[in-house]
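Here is my note on the model you sent. Please keep the structure open as you read.

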Amino acid sequence: MTGPTDLAGALATLHAEAFDAPWSVSAFTDLLAQPGVLLEAGADGFVLIRLAADEAEILTLAVRPPARRNGLASRLVEAVSRRAAGMGATRLFLEVAEDNAAARALYDRLGFEPAGRRPRYYARPDGPAVDALLLVLNLPASLPTA
């Protein structure tokens with residue numbers, strides 16, 4: 001990859017493999033240009049977060065389907081959590097669809113706790129909208145290195 005557009009294109013391509021409603025190249029280009037946005041990436045997945053003051057938010061976490069269930073998502077979240085904590089974040093938030101059992105199990109294993117709910121947040125083309133669960137992970141002042 002040689003520039004921001006190439007990076008955004010690669011992220012959009014991977015996101016399209018991971019999600020039914022993927023984000024566009026321009027969405028990734030815009031996000032990557034914003035202050036406080038951090039990317040943690042590997043060949044088969046990535047996580048994007050945004051830092052603001054002492055809080056961080058996972059914007060998206062994507063892993064290619066063939067690479068799932070091998071711990072990559074956990075490693076990505078743990079790595080970006082360490083980076084965020086090192087930059088002064090004390091809490092990491094995210095939203096997850098209530099019906100996304102695999103993601104909810106991942107976040108539960110990582111120590112995220114319920115912090116709220118957004119009713120009917122995720123539209124579904126084949127059924128009613130699904131609530132988003134707001135989860136939070138309290139970050140220690142210094143996380144152990146991997």
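1. Ground rules. This is a predicted model: local features need pLDDT of at least 70, side-chain atom pairs count only at pLDDT 80 or more, and totals for chains, interfaces and linings use all residues. Residues are numbered from 1 along each chain as its sequence is written, and side-chain values use heavy atoms, without hydrogens and water.

2. The pocket. The largest pocket holds about 1,300 Å³ of space. A pocket is an open set of points on a 1 Å grid where a 1.4 Å probe fits, with protein on both sides within 12 Å along at least five of seven lines; lining residues have an atom within 4 Å of a point. Its lining has 36 residues, with Ala18, Phe19, Leu61, Asn100 and Ala103 nearest the centre.

3. Who lines it. Elements giving two or more residues include α1 (4-18), α3 (72-86) and β5 (113-124). β3 gives the largest share, 7 residues. The lining divides into 22 nonpolar, 6 polar and 8 charged residues.

4. Aromatic pairs. There are 4. Rings pair if their centres lie within 6.5 Å; planes under 30 degrees apart are stacked, over 60 edge-to-face, the rest tilted. Trp23 and Phe28 are tilted, at 5.5 Å and 40 degrees. Ring pairs also link Trp23, Phe28 and Phe46 into a cluster.

5. Phe28 is buried at 0% relative accessible area, while Trp23 is partly exposed at 30%. Buried means under 20%, exposed over 50%, partly exposed in between (1.4 Å probe, protein chains only).

Note on methods
Grid points are joined across faces, edges and corners, and a volume is the space filled by probe spheres set on the points. Helices (H or I, at least four residues) and strands (E, at least two) are DSSP runs, numbered from the N terminus. Ala, Val, Leu, Ile, Met, Phe, Trp, Tyr, Cys and Pro count as nonpolar, Asp, Glu, Lys and Arg as charged, and the others, Gly among them, as polar. Rings of Phe, Tyr and Trp (its six-membered ring) pair if their centres lie within 6.5 Å; planes under 30 degrees apart count as stacked, over 60 as edge-to-face and the rest as tilted.
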